[in-house]
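I opened this notebook to record what I looked up in one protein model. The entries are kept in the order in which I made them.

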Amino acid sequence: PYPRIGYTGRVSSKVDLAMVAEVARARPQWNWVFVGAVGIGGSGGFDTDPASAAALEVCRGLGNVYFLGSKHQREVPAYINHMDINTMCYKVDRQGFWTAINPQKLYESLAAGKPVIGADIENLKKLTVDYPRLKVVKLEQNYRSTVRILQAANAVIAHNPKLFEKK
């Protein structure tokens with residue numbers, strides 16, 4: 001069902017699943033689609049991160065959040081192309097490795113012509129130097145300020161010509 005907010009990659013402690021649950025509850029007509037392995041290591045769990053484990057269970061209980069599991073790398077572009085907007089919904093606690101990453105999923109989504117909404121990551125702030133025509137929409141300092149995030153995402157989704165009403 002549309003609209004679709006997509007995430008590709010491992011769903012691990014870097015993903016702000018509490019924020020995903022919050023937005024999914026606020027906008028039940030939006031569908032979150034996660035393509036990739038879930039959990040840390042081979043266990044598929046969050047043994048060292050009980051908060052993420054709890055948020056994952058909340059997300060799994062929502063009717064508009066889907067975890068599709070791992071897909072072959074040849075299949076990933078098709079998933080990216082079928083999203084209305086792609087996300088890098090990383091935590092912004094400034095404590096994890098994810099605060100300094102330069103995610104390939106950003107470039108894959110942009111190459112597919114898809115809009116991307118994401119966390120305030122230091123490496124992403126430098127993108128406009130290399131790509132001066134890139135349009136950046138600053139949302140909020142606090143990623144949990146969902147009202148502005150929802151307004152920005154809704155504006156992008158509303159302009160999707162393939163948009164179907166969720167029934």
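The entries below go from the sheet to the helices, then to salt bridges and single residues.

**Entry 1: ground rules.** I noted that this is a predicted model, in which local features need pLDDT of at least 70 and side-chain atom pairs count only at pLDDT 80 or more, while totals for chains, interfaces and linings use all residues. Residues are numbered from 1 along each chain as its sequence is written, and side-chain values use heavy atoms, with hydrogens and water left out.

**Entry 2: the sheet.** I took helices (H or I, at least four residues) and strands (E, at least two) as DSSP runs, numbered from the N terminus. I counted two strands as paired if DSSP finds at least two bridges between them. I then found an open sheet of five strands in the order E3-E2-E1-E4-E5, with parallel pairing. Strand E3 (65-69) and E5 are the edge strands, since each pairs on one side only. From one strand to the next, the twist averages 25 degrees. For such angles, axes are lines fitted to C-alpha atoms, for helices over the stretch in contact, and the angles run from 0 to 180 degrees between N-to-C directions.

I next followed the side chains of E4 (residues 85-88). Ile85 and Thr87 point one way, Asn86 and Met88 the other way, and all are buried. Buried means under 20% relative accessible area, exposed over 50%, and partly exposed in between (1.4 Å probe, protein chains only). In a regular strand the side chains alternate between the two faces of the sheet.

**Entry 3: helix H4.** E4, helix H4 (residues 104-111) and E5 make a right-handed β-α-β unit. Right-handed here means that, with the strands pointing away from the viewer, the path from the first strand over the helix to the second runs clockwise.

Which residues of H4 are buried? They are Lys105, Leu106 and Ser109. These buried residues line one face of the helix, because they fall within an arc of 105 degrees seen down the axis of H4. The arc is that of the directions from the helix axis to the C-beta atoms. The face turned away from the buried side carries the exposed residues Gln104 and Ala111. Just after H4, Gly113 takes a positive phi of about 75 degrees.

**Entry 4: helix H2.** In helix H2 (residues 50-60) I listed Ser52, Ala55, Leu56 and Cys59 as the buried residues. They are on the same side of H2 because they cover an arc of only 105 degrees around the axis. They pack against H1 and E3, where contact means heavy atoms within 4.5 Å.

**Entry 5: salt bridges.** I used the rule that a side-chain nitrogen of Lys or Arg lies within 4 Å of a carboxyl oxygen of Asp or Glu. How many salt bridges does this rule give? The count comes to two.

Lys91 lies in the loop between E4 and H4 and Asp49 in the loop between E2 and H2, so the pair ties together parts that are 42 residues apart in sequence. Lys91 is buried at 18% relative accessible area, and Asp49 is buried at 12%.

The side chains of Arg60 and Glu57 also meet in a salt bridge (3.4 Å, N to O). Arg60 and Glu57 are about one helical turn apart, because they are three residues apart in helix H2. Arg60 is partly exposed at 44% relative accessible area, and Glu57 is partly exposed at 48%.

**Entry 6: two single residues.** Val11 is found in the loop between E1 and H1. Is Val11 buried or exposed? Val11 is buried, with a relative accessible area of 0%. Not counting residues up to four places away in sequence, Val11 touches several residues, including Leu17, Phe34, Phe46 and Phe67. The C-alpha atoms of Val11 and Gly39 are separated by 6.0 Å, although these residues are 28 residues apart along the chain.

Thr8 lies in strand E1 and is buried, with a relative accessible area of 10%. Leaving aside neighbours within four places in sequence, I found Thr8 in contact with Val35, Val76, Ile80, Lys105 and Glu108.
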